[in-house]
Amino acid sequence: MPGFEVFGEEEKQQISEVLDTGVLFRYEFGEQRKGVYKVLEFEKNFAKYCGAGFAQAVTSGTAALKVAMTALGVGAGDEVITQGFTFVATWEAILDIGAIPVFTEIDETLNMDPDDLRKKITDKTKCIIPVHMLGAMARIEEIVSIAKEHDIPVLEDTAQAAGGRIKGQHLGTFGNCGTFSFDSVKTMTTGEGGMIITADENMWRDMSEYHDHGHDHAVNPGGRGGEGRSFIGFNYRMMELQGAMGIAQLAKLDSMIAAQKANKAKLRAAAETIPGVKFRTLVDEEGDTATFFAFMLESSEQCNNVNKVLADAGVGAINFSENSWHFYPSWEHLHKGASLAKSGYPFMDGQGKRRVVYDPDVLPKSADIMSRTLVYPVSIKMSEEQIGKMCEALKKAGKEIG
Ligand SMILES: *Cc1c(COP(=O)(O)O)cnc(C)c1O
């Protein structure tokens, strides 16, 4: 990560094709746009790349989660299970559609623990959202099979793992749908933007209409505005400039991943010298997008000692126990139930009763794993000097921490 490192002539060319028509909107302007439909083309390319039947572009990865859950029929009063290690967007989207997020432990994949998922399923569970965090896969086949036993749809939050695969099959195509983000720090970026992929044509049609205020998208001789509506919608439309960026970035995705993999391999080889080190479990190493390198030590004390050596060398790693955006025990606004709504919704029900209470200490297994895990972001263009410095520091930690 991230794709902005490789912006070049391809992006400029794509953008200028849009500016040449003057049409920034994905719908309408038939003659003026001279056959240029960038968002539509991006959707088609993205679906084809992932081996998915259909793709729906939206304004962000967070919007993608909301549009997908809405099309799956999830809403107020339902429970949606996700993992306690994810970006806040995953559960913001769940709360925003009126549903209640329920959090599972992670295992050493740093993603949803399937055993804990089984324990968290109730009669109210209407969707399961495993997240492919830090560029690599959850145990998605196991999770989908558990969900099938209970007839619950699976939405894969693939925001951080575009281009990731298991045995060649793209992440995002194992469950009922997969959502992606193209925000400024994601592997491929359109500035802001998101996508949902699915094999289900009806779901795609609902998403297409819902994300565009409910316009039924039937061909209407009177033009846009004269169509009917089957249900209420909202506006999550992607604009043509973003579609243009997406076309250029998608064409580079495999080469971005290859560059990251080469960089990651060097870091991994250096980290192997640390006694007792373990690496994050990868269900399929070949299908990793290598946007991050995560390794685990035997104890939190050893982890802190290693990170001290790395920090002293000017290359400290991330410990997500201390990161407030991605890990359940640090989401103090969730635990407090802090909301701008005077009624306290979505944490309160509007009648002064609490809908849900979150205790920061309920995911001890995740807390243990996180306290022992160090993470380096891996970028596409890392200088030999930077990688050399990181590798030296890792080897030094290996020598000093016995
Ligand atoms: C980035 C991200 C999102 C949200 O994407 P935006 O495009 O920033 O709205 C959702 N889930 C995860 C796991 C993310 O990393």
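Between which strand and which helix does the loop with Leu110 lie? Leu110 sits in the loop between strand S3 (100–104) and helix H5 (114–120). Helices (H or I, at least four residues) and strands (E, at least two) are DSSP runs, numbered from the N terminus.

This is a predicted model: local features need pLDDT of at least 70, side-chain atom pairs count only at pLDDT 80 or more, and totals for chains, interfaces and linings use all residues. Residues are numbered from 1 along each chain as its sequence is written, and side-chain values use heavy atoms, with hydrogens and water left out.

**Ligand site**

The ligand is surrounded by 16 residues, each with a heavy atom within 4 Å of it. Among the closest are Gly61, Thr62 and Ser181. Helix H3 (61–71) and helix H4 (89–96) each supply at least two residues of this shell. Polar contacts are pairs of N or O atoms within 3.5 Å.

| Side chain | Distance to a ligand oxygen atom |
|---|---|
| Thr62 | 2.5 Å |
| Gln160 | 2.8 Å |
| Lys186 | 3.2 Å |

Taken alone, the ligand exposes 380 Å², and the protein buries 94% of that. Accessible areas come from the Shrake-Rupley method with a 1.4 Å probe.

**Backbone**

Most residues other than glycine have a negative phi, and most peptide bonds are trans. Leu110 has a positive phi, near 65 degrees. Its relative accessibility is 0%, so Leu110 counts as buried (under 20% relative accessible area; exposed is over 50%, partly exposed in between; 1.4 Å probe, protein chains only). Phi of His213 is also positive, near 60 degrees. His213 is partly exposed, at 42%. A cis peptide bond joins Tyr345 and Pro346, with omega about 10 degrees.

Key:
Polar contact = N/O pair within 3.5 Å; in protein donor to acceptor, adjacent residues only side chain to side chain.
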